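Hi there,

Here is the structure I promised to pass on to you. My notes on what turned up in it follow below.

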Amino acid sequence: MASRNVAFWKEAINDEMDSIMSNQTWELVDLPPGSKPIGCKWVFRRKYHTDGMIQTFKARLVAKGFKQRECIDYFDTYAPVARTTSIRILFALASIHNLFVHQMDVKKAFLNGDLNEEVYMEQPEGFVLLGNENKVCKLVKSLYGLKQAPKQWHEKFDHTILLDGFRYNNVDKCLYSKTCDDYMVIVCLYVDDMLILSDDMKGIIETKRFLSSTFKMKDLGEVDTILGIKVKRNSGGYALNQTHYIEKVVSKFSHLKIKYANTPFDSSIKLEKNDGRSMAQLEYASAIGSLMYAAQCTRADISFAVSKLSRFMSNPSVEHWKAIGRVLSYLKNTKELSLQYSKFPAIIEGYSDASWISSVGDNLSTTSWVFTLGGGAVSWGSKKQTCISHSTMEVEFIALAATGKEAEWLRDLMMDIPFTANNVSTVSIHCDSQATLALAYSGVYNGKSRHISIRHEYVRQLIQNGIISISFVRSSGNLVDPFTKPLTRDLVRITSRGM
């Protein structure tokens, strides 16, 4: 109230209270004997455009859900969100099939959920009714901060959209599709952010009309930014980048004196566990979290570096901080890189690779994979294996089994999307190990490979059922090579261009 933006904050507060009261979120009652009310507080924040300009001032009344008691004030809390992999696949399909992609936002999404439990809350600061100071709010609808709020909102949305003829995707329950005589439409939900895709504008318009008649919606028109990812449409298709996010992260850690780097990881550095004094452990964890979001959304090229550096979060050293600075430097130098999707190729291709004993100290190896669709990467991973392997062949086969598992998920996802349901073919996976390829197509176990027999059987079943096929590719043509080890500048550029 003492800031120079007081008028904007007051407007935001009144807007929040209007939404709460019009939604009949609570009713004032006397507190029943034996019940304890939870508190609430106001949370203020500024929402920014991707160019850094202030978009809106937001005020939220948040319940102090940390005071709720399990099995009394709440029971289940789980609520799904769409995978970022699913979102990238939708943009790849939009590029291939020339789909319209629009965006909507649900206003005060969590206020729509209906509460099943009896929850009492203190009256909000600044809005205590005169003469009723001793009364409390009995919550009828969910409120931000409640443990069960996400679950109740998703249940409400799920029930509403299924009644309109939509059906959810069997592998990602936050993707909904509907096929009509004139059009096909897909709705992708991530908490309160919504993508709507259709081959006809009529499908977009009718879906928007239905959603607006049920919830308070904000129509954002053609998609521009989703989850902090900038979306650009061009003649070839869609491009996704996080230029603004990277600039913000680099600025946040500018005190590291970030210099020029053309690779995300220095191959001459061997990082080891720090047995000495920890260097800014909380800030190190914050840096890893910031890098991890970029790696999970659009910057597949830093996945290996982030995976490697995240292993030292409990006790980082100066050397670990230097490696963080190098990743930030590389991102600063390549902040304009985008995931570009086009019309071709219209099939999913996968690449699998592994690095034997890449983790110093515990003798564990690294599994990695990447899948492309429409010319750009849609799914990738770089993870430390959980079991010790005795040869490079075994390491590669463990990685192949993990890649096959992701391929099966992607194929099932595509088979339940109306635009591709009848055109999903066997997923081709490229592997740079001839021994692994021979073992995958062999039905014979020997004593040396018995301990990976479950993975062997799983891969053989995927091949026999026509879900995957495996072919050989030279290491120089394997796009997933930078996910297992540091590469030189030229190889980083080649694989990044391939993704």
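Let me begin with a loop: Ala280 sits between helix 5 (243–252) and helix 6. (Helices here are DSSP runs of H or I with at least four residues, strands are runs of E with at least two, and both are numbered from the N terminus.) Although Ala280 is not a glycine, its phi is positive, at about 50°. Ala280 is partly exposed, with a relative accessible area of 40%; buried means under 20%, exposed over 50%, and partly exposed in between, using a 1.4 Å probe and protein chains only.

Before going on, please note that this is a predicted model, in which local features need pLDDT of at least 70 and side-chain atom pairs count only at pLDDT 80 or more, while totals for chains, interfaces and linings use all residues. Residues are numbered from 1 along each chain as its sequence is written, and side-chain values use heavy atoms, with hydrogens and water left out.

Lys108 is another non-glycine residue with a positive phi, near 50°. Its place is the loop between strand 4 (100–106) and strand 5 (120–121), and at 14% relative accessibility Lys108 counts as buried. Lys108 is also touched by Ser19, which contacts Leu111 as well, not counting residues up to four places away in sequence; contact means heavy atoms within 4.5 Å. Ser19 belongs to helix 1 (residues 6–22) and is buried, at 11% relative accessible area.

There is a cis peptide bond too, from Phe344 to Pro345, with omega near -10°. Pro345 is in the loop between strand 15 (339–341) and strand 16 (349–359). For background, most residues other than glycine have a negative phi, and most peptide bonds are trans.

Now to the helix packing. Helix 6 (residues 281–297) and helix 8 (residues 318–333) pack at about 30°, their axes 11 Å apart. The axes are lines fitted to C-alpha atoms over the stretch in contact, with angles from 0 to 180 degrees between N-to-C directions. These two helices are therefore roughly parallel. On the helix 6 side the contact includes Tyr284 and Leu291, and on the helix 8 side Trp321 and Leu328 are among the residues involved.

Helix 2 and helix 9 also meet: their axes come within 12 Å and cross at roughly 55°. That makes helix 2 oblique to helix 9 (under 35 degrees counts as roughly parallel, over 145 as roughly antiparallel, 65 to 115 as roughly perpendicular, and the rest as oblique). Thr85, Ser86, Ile89 and Leu93 of helix 2 make this contact with Glu406, Trp409, Leu410, Leu413 and Met414 of helix 9.

Ile89, in helix 2 (residues 84–97), is buried, with a relative accessible area of 0%. Beyond its neighbours within four places in sequence, Ile89 contacts residues including Leu373 and Val378.

What about the nonpolar cores? Each is a set of buried Ala, Val, Leu, Ile, Met, Phe, Trp, Tyr and Cys residues joined through side-chain atoms within 4.5 Å. The largest has 65 residues, and Phe91, Leu195, Phe371, Leu373, Ile468 and Ile470 have the most contacts inside it. Helix 9 (residues 392–415) gives the most to this core, with nine residues. A second, separate core of 42 residues includes Cys137 and Ile161.
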